Amino acid sequence: MIRFLTAGESHGKALIGIIEGIPSGLGILKSEIQSELIRRKQGYGRGDRQKIETEELEILSGVRAGKTLGSPIAIQIPNQDWKNWQEIMSVESESQEGKIDVPRPGHADYAGAVKYRHFDMRNVLERASARETAMRVAIATIARKFLFDLGVQITNCVIEIGGEKDSSKWNDLIDLARKEGNTLGGIFEVCATGHIMGLGSYVQWDRRIEGNIAKAFMSLNAIKGVEIGLGFETARLMGSEVHDEFILREQGVGYRSNNSGGVNGGITIGEPLTVRAAMKPLSTLRKPLSSISLKTKEKIEAHYERSDVCAVWSAAVIGESLLALVLADEYLTKFGGDSMTEIKERVFEWKKKAEKIFF
Ligand code: EPS
């Protein structure tokens with residue numbers, strides 16, 4: 001129901017995004033989007049680029065007097081760093097500067113160059129860059145507002161950095177990695193609460209909500225694994241230790257635990273939805289790994305350009321955004337509605353009735 005596209009290179013003039021399918025009458029301000037963008041920039045271990053980007057943005061269409069119109073919403077985030085890259089990133093003339101012919105292990109550089117026949121791998125890295133996720137967060141702020149109006153909240157928590165669970169050690173680990181010219185990944189969790197039971201479905205493979213969540217999270221740069229609820233741990237336990245037993249609550253049925261992470265058989269069960277994702281260490285290393293020059297065909301160190309040491313906190317904020325986009329889409333699939341008034345009425349009615357079906 002929600003469609004969106006992003007465009008823009010990391011050091012190009014701007015990022016552009018269009019989102020369609022958001023009902024009319026939803027309050028949204030530029031400042032709300034900007035604060036989410038600022039949250040995305042933060043976290044220990046980010047590089048100097050984040051000091052340059054102010055994340056000023058323009059809403060170009062689809063919003064009037066602070067409310068959505070129901071029409072496509074277009075957003076532009078100018079890249080402040082573009083002024084330092086104007087010649088290299090020129091749309092018209094070719095610059096001899098900034099060309100890249102040594103791919104980084106772990107990056108899209110080489111496969112992208114072969115696929116698109118780019119002899120300068122800047123043509124790959126500019127779009128493969130995680131700068132793109134700024135626009136996904138911007139767009140998702142609208143989905144988050146939509147969900148918030150329906151009583152849904154989404155939060156995140158970083159749970160491991162570089163294999164370490166003790167948060168008091170994280171900054172030291174990152175400092176050490178920085179000193180060594182290395183990078184670190186980690187694991188974060190995103191949690192949604194306040195949503196209804198009954199989003200998604202078991203009736204067709206592409207309607208299972210876990211599938212849509214996993215796809216959204218795996219589409220984030222550097223993510224190599226996704227778990228819902230107990231995830232991989234369920235494979236190591238007995239059935240009796242995994243499945244959440246039913247209990248009788250004053251208002252109907254409840255669960256003794258939430259090992260399922262809020263989803264059973266492709267459908268939300270109304271319990272907190274918990275998604276964990278594993279982020280690999282960033283592939284741009286100040287102390288580069290070995291690679292090959294595609295120009296000279298000689299063994300050489302990989303290309304290095306200014307980069308972050310650790311971006312797990314940013315990924316966690318982006319994770320919130322990705323879950324918001326999936327959930328907003330599921331709400332619209334189930335309830336439809338062209339205006340916020342219409343959809344709020346439908347959700348309210350459904351909540352009232354659903355609780356009373358068996359009681
Ligand atoms: C990135 C490399 C760095 C990051 C960038 C992602 O950029 P630069 O090469 O300009 O230093 O800062 O992330 C962002 C710009 C951002 O806003 O998150 C990469 O290679 O993926």
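Asn79 sits in the loop between strand 6 (73–78) and helix 3, where helices (H or I, at least four residues) and strands (E, at least two) are DSSP runs numbered from the N terminus. With a relative accessible area of 3%, Asn79 is buried, a label that here means under 20% relative accessible area, with exposed set at over 50% and partly exposed in between (1.4 Å probe, protein chains only). Leu57 is 22 residues away from Asn79 along the chain, and the two C-alpha atoms are separated by 9.6 Å. The model is a predicted one, in which local features need pLDDT of at least 70 and side-chain atom pairs count only at pLDDT 80 or more, while totals for chains, interfaces and linings use all residues. Residues are numbered from 1 along each chain as its sequence is written, and side-chain values use heavy atoms, with hydrogens and water left out.

Next comes the ligand. Its surroundings are made up of His11, Arg40, Arg46, Arg49, Gln50, Ser129, Ala130, Arg131, Arg306 and Asp308, a residue being near a molecule if one of its heavy atoms lies within 4 Å of it. Sorted by type, this shell holds 6 charged residues, 3 polar ones and 1 nonpolar one. For that sorting, Asp, Glu, Lys and Arg count as charged, Ala, Val, Leu, Ile, Met, Phe, Trp, Tyr, Cys and Pro as nonpolar, and the others, Gly among them, as polar.

Polar side-chain atoms come up to ligand oxygens at several points. For His11, a polar side-chain atom is 2.7 Å from an oxygen atom of the ligand. Arg49 has a side-chain N or O atom 2.7 Å from a ligand oxygen, and for Arg306 the distance from a polar side-chain atom to an oxygen atom of the ligand is again 2.7 Å. The protein buries 91% of the 470 Å² that the ligand exposes when taken alone; such areas come from the Shrake-Rupley method with a 1.4 Å probe, and for residues only the protein chains shown count as cover.

The space that the ligand takes is the largest pocket. A pocket, worked out on a 1 Å grid over the protein atoms alone, is an open set of points with protein on both sides within 12 Å along at least five of seven lines, whereas in a cavity a 1.4 Å probe fits but cannot get out; lining residues have an atom within 4 Å of a point. A molecule sits in one of these if more than half of its atoms lie within 2 Å of its grid points.

Back to His11, which belongs to the loop between strand 1 (3–7) and strand 2 (14–20). His11 counts as buried because its relative accessibility is 6%. Its side chain also makes a polar contact of 3.2 Å with the side chain of Arg49. A polar contact is a pair of N or O atoms within 3.5 Å; within protein, one must be able to donate a hydrogen and the other to accept it, and residues adjacent in sequence count only if both atoms are side-chain atoms. Another such contact, at 2.7 Å, joins the side chains of Arg144 and Glu320. Arg144 lies in helix 5 (residues 133–149) and is buried, at 16% relative accessible area.

Glu55 has a positive phi, near 60°, and is buried at 0% relative accessible area, in the loop between helix 2 (49–52) and strand 3 (58–61). Arg117 has a positive phi near 55°, but counts as exposed at 68% relative accessibility.
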